[in-house]
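This report goes through one protein model for a reader who is new to structures. Please look over the sequence and the 3D view before reading on.

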Amino acid sequence: METPKPKYPPPITTLPFVMKRKCTSDGRLILTMEKPQDDDDEDMKAHRSNDDDVNILAEVVGTYFLIFAGCASVAVNADYDKVVTLPGISIVWGLAVMVLVYSVGHISGAHFNPSVTIAFATCKRFPWKQVPAYVAAQVLGSTLAAGTLRLLFSGKQNHFVGTVPAGSDMQSFVMEFIITFYLMFIVVSPLITELSVPISCLVILVLIYDIGELPGLAIGATVLLNVMFAGPISGASMNPARTLGPAIMSNQYKGIWIYMVAPILGAVCGAWVYNMVRYTDKPLREITKSASFFKATNRT
């Protein structure tokens with residue numbers, strides 16, 4: 001009697017092709033994309049459909065925890081005599097971004113931010129048809145997180161945890177544009193974009209596999225830095241969903257247009273400017289050899 005062959009689940013991917021990796025004799029890493037056989041097309045379509053649902057869920061959950069942690073630090077700081085402090089709030093936002101990139105980056109790309117999603121789409125690194133679903137998921141996650149905080153901190157402890165301009169609207173607009181530009185400039189750094197793969201979630205997946213600890217650390221540190229100096233001025237939103245969720249739950253929309261427009265413009269400009277200056281003919285192996293502090297430490 002013939003032993004039936006075990007059925008393995010399909011690979012975790014949202015892509016209509018299979019990625020293969022190989023190293024040449026001179027140490028260059030080559031990524032090739034191959035379309036699956038026609039026999040597998042229907043299975044791939046069904047699997048991509050399931051993965052799209054998983055990606056949306058990952059964006060909702062990831063954005064929820066990001067906004068909950070960051071805004072909770074703001075609420076606790078306001079309710080308990082500034083116990084968290086501005087550096088503490090900055091660290092919370094940075095750590096939240098870092099751990100969530102590692103948690104769901106390989107699933108949905110860990111955008112959590114409509115500005116990032118739209119910027120990737122304008123650079124053809126994310127499909128436009130998925131942008132509305134991602135943005136809706138991010139706004140939903142942010143609104144749910146803000147609603148949870150309203151329930152936890154009610155009455156005298158209820159403080160607005162959204163973002164409003166501390167000075168003039170133009171000051172906050174320029175600040176939000178610059179810090180989001182800076183953030184996106186880091187997100188599309190050489191370690192990510194050198195792979196030249198058109199889908200952002202695959203980029204982050206390969207990055208985590210090849211470089212390990214760096215992407216979440218770099219992006220989280222950038223968020224921490226931006227909140228540290230821009231928080232007192234504009235609230236350091238960098239994220240339309242981060243501002244919109246608390247605004248909806250508290251019905252406070254002062255200066256809301258700043259946080260809808262400036263971060264998107266900043267992210268798009270940051271992505272495009274980096275793509276204009278990022279050209280290099282170095283292989284990925286050579287770039288990553290000098291780019292990772294932890295790997296350099298391990299070699300010594």
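In which helix is Met228 found? Met228 is found in helix 8. Helices here are DSSP runs of H or I with at least four residues, strands are runs of E with at least two, and both are numbered from the N terminus.

The model is a predicted one, in which local features need pLDDT of at least 70 and side-chain atom pairs count only at pLDDT 80 or more, while totals for chains, interfaces and linings use all residues. Residues are numbered from 1 along each chain as its sequence is written, and side-chain values use heavy atoms, with hydrogens and water left out.

**Overall build**

The protein has 12 helices and two strands. From the N terminus on, the order of elements is β-β-α-α-α-α-α-α-α-α-α-α-α-α. Of the 300 residues in the protein, 46% are buried. Buried means under 20% relative accessible area, exposed means over 50%, and partly exposed lies in between (1.4 Å probe, protein chains only).

The unreviewed UniProt entry carries the annotation "transmembrane region" for residues 54-76, 88-110, 131-153, 179-209, 216-236 and 256-277. UniProt positions are given in the numbering used here, feature names are shortened, and such annotations may be inferred rather than shown by experiment. In the model, residues 54-76 are 100% helix and 0% strand, with 32 Å between the end C-alpha atoms. Residues 256-277 are likewise 100% helix and 0% strand, and their end C-alpha atoms are 32 Å apart.

**Helix 8 and the surface**

Met228 is partly exposed, because its relative accessibility is 33%. Met228 belongs to a nonpolar surface patch together with Leu86, Tyr182, Leu225 and Phe229, and the accessible area of the patch is about 400 Å² in total. A patch is made of residues with over 30% relative accessible area and no salt bridge; nonpolar side chains (Val, Leu, Ile, Met, Phe, Trp, Tyr) are joined within 5 Å, and like charges within 9 Å. A salt bridge is a side-chain nitrogen of Lys or Arg within 4 Å of a carboxyl oxygen of Asp or Glu. Accessible areas come from the Shrake-Rupley method with a 1.4 Å probe, and for residues only the protein chains shown count as cover. Helix 8 (residues 214-234) gives the most residues to this patch, namely three.

**Pocket and cavities**

Helix 8 also gives the most to the lining of the largest pocket, with five residues. This pocket holds about 450 Å³ of space. Its lining has 23 residues, and those nearest its centre are Val74, Ile89, Gly162, Gly231 and Gly235. Helix 1 (41-79), helix 2 (85-108) and helix 8 are the elements that give two or more residues to this lining.

Pockets and cavities are found on a 1 Å grid over the protein atoms alone: in a cavity a 1.4 Å probe fits but cannot get out, whereas a pocket is an open set of points with protein on both sides within 12 Å along at least five of seven lines, and lining residues have an atom within 4 Å of a point. Grid points are joined across faces, edges and corners, and a volume is the space filled by probe spheres set on the points.

The whole structure has three cavities of 30 Å³ or more. The volume of the second largest cavity is about 70 Å³. Its lining includes Ala75, Arg150, His159, Pro246 and Met249. Helix 4 (131-152) and helix 9 (240-250) are the elements that give two or more residues to that lining.

**Pairs across the chain**

| Pair | Residues apart along the chain | C-alpha separation |
|---|---|---|
| Met238 and Thr180 | 58 residues | 5.1 Å |
| Ala69 and Val97 | 28 residues | 9.8 Å |
| Arg150 and Ala75 | 75 residues | 9.7 Å |

Met238 sits in the loop between helix 8 and helix 9 and is buried, because its relative accessible area is 4%. Ala69 is in helix 1 and counts as partly exposed at 27% relative accessibility. Arg150 lies in helix 4 and is partly exposed at 31%.

**Two positive phi angles**

Most residues other than glycine have a negative phi. Lys82 has a positive phi near 55°. Lys82 is in the loop between helix 1 and helix 2 and is exposed, with a relative accessible area of 55%. Ala110 also has a positive phi, about 55°. Ala110 lies in the loop between helix 2 and helix 3 (114-122) and is buried at 11% relative accessibility.
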